[in-house]
Amino acid sequence: MTISEATKLSPAHAVSVRPLIWIGAITTGTVVTNLFAPQILVGLMSRSLDMTALQAGLISTLTLLGYALGLLLLVPLVDLVENKRLILRTLACAIVAAIGTAMAPTPLILLAATFILGASCAAIQMVVPLVASMVPPERRGQAIGDVMSGLMIGILLSRPLASLIADSWNWRGYYLTSAVLMTVLGCALARYLPTLQPAAKVSYGALLRSFPRLLREEPVLRVRSWTAALVMASFTAFWAAVALRLPEAPFKLDAKGIALFALIGVAGAAATPIAGRWGDRGFARPLLIVSHLLIAGALVLCAWAGMIESRIVALSLLGVGAVLLDFGITTDQTLGRRAVNLLQPEARGRINGLFVALFFIGGAVGAAAASAAWSFGGWTAVCAVAATFGVLGFITDIATKTGSE
């Protein structure tokens, strides 16, 4: 679908795209916190409901599993169902699920509610391509970068915000707060989202069966999903292990100190609009190379920080390393989004669903790799493994130019 076709289908497109971009960024940033907050709230949730260790471990797992299934089963509906209605209904399910999680009286109800909440968070990946489709191709990187900055801020803020809300109230308060915020955003989306009827005229089953074909036909999707998965593995490995390292010498941070340290990473979100704009100007390839080298270099700095005796110097180096790491990761993510959103317009829902599902698999690999590395060689080993993912991204840049135009 061309931009002119989208305009014919969307009377609401007469509204300025700038408010739509801002609301898209805020929405994605708010909704995505539901995916990562359970990782910091799991202890409080399990104790309040007398959950077993197995049940407690399922809270985060089912949330992310629900999200993965939502990406594969719900996001493709973007190519089949009018987009605004689909987004609002999916967000409504997220609101109900957040309230259900907050009010859950038993472990089983809690687990069911978190699974549904995770699946409903797929609304994020419906908003991003819709916003992208409302701007011309030559400005698409900038628009995606602006929306992605909200997404990355939400990911980075999810754990410290959940911790702070739980400290001030309780874990149920976090989910109630999330439900209220999503309700407000739903009202804003109902007003500003344009209506967009997809061009695809196939069955839902045919959409799902087209996933393997899209991967075969679109080398840009394969390459950009691969590097996105690599940098997500670096991101997850670092942030999963840093919470274990910060309480130890020389850093010696308590729970609140760790939450405040996590806020440092938000600075990395500033890379998203910059990367989007420079990608639109034809500098995607050098930016990708720099981003992957930056990831590897940042992790060397983080490993060095753990070897320094001075607490202030160590924290400063680790903070700089965390910011540079997030700069590299968000640059790759933004340029990858830009590249895949320039592919087949009639398949943008499926392409975005595949892209995000694949880089979340990278995140799962990174978490597992960090756990093994921590057991084997502590913080230095974690940094080495996370840096290796960045090096693999750099090797990919040198080996191919696909998707870096």
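Cys121 is buried, with 0% relative accessibility, where buried means under 20% relative accessible area, exposed over 50% and partly exposed in between (1.4 Å probe, protein chains only). Cys93, by contrast, is partly exposed at 41%. The model is predicted, so that local features need pLDDT of at least 70 and side-chain atom pairs count only at pLDDT 80 or more, whereas totals for chains, interfaces and linings use all residues. Residues are numbered from 1 along each chain as its sequence is written, and side-chain values use heavy atoms, with hydrogens and water left out.

A disulfide is a covalent bond between the sulfur atoms of two cysteines; the criterion applied is a pair of cysteine sulfur atoms within 2.5 Å. The count of disulfides is zero. The closest cysteine sulfur to that of Cys93 belongs to Cys121 and lies 11 Å away, too far for a bond.

Seven aromatic pairs were identified. Rings of Phe, Tyr and Trp (its six-membered ring) pair if their centres lie within 6.5 Å; planes under 30 degrees apart count as stacked, over 60 as edge-to-face and the rest as tilted. Trp171 and Tyr175 form an edge-to-face pair, with 6.2 Å between centres and 80° between planes. Both Trp171 and Tyr175 are buried. The pair of Trp239 and Phe261 is tilted, because the planes stand at 50°, with the ring centres 6.1 Å apart. Trp239 and Phe261 are also both buried.
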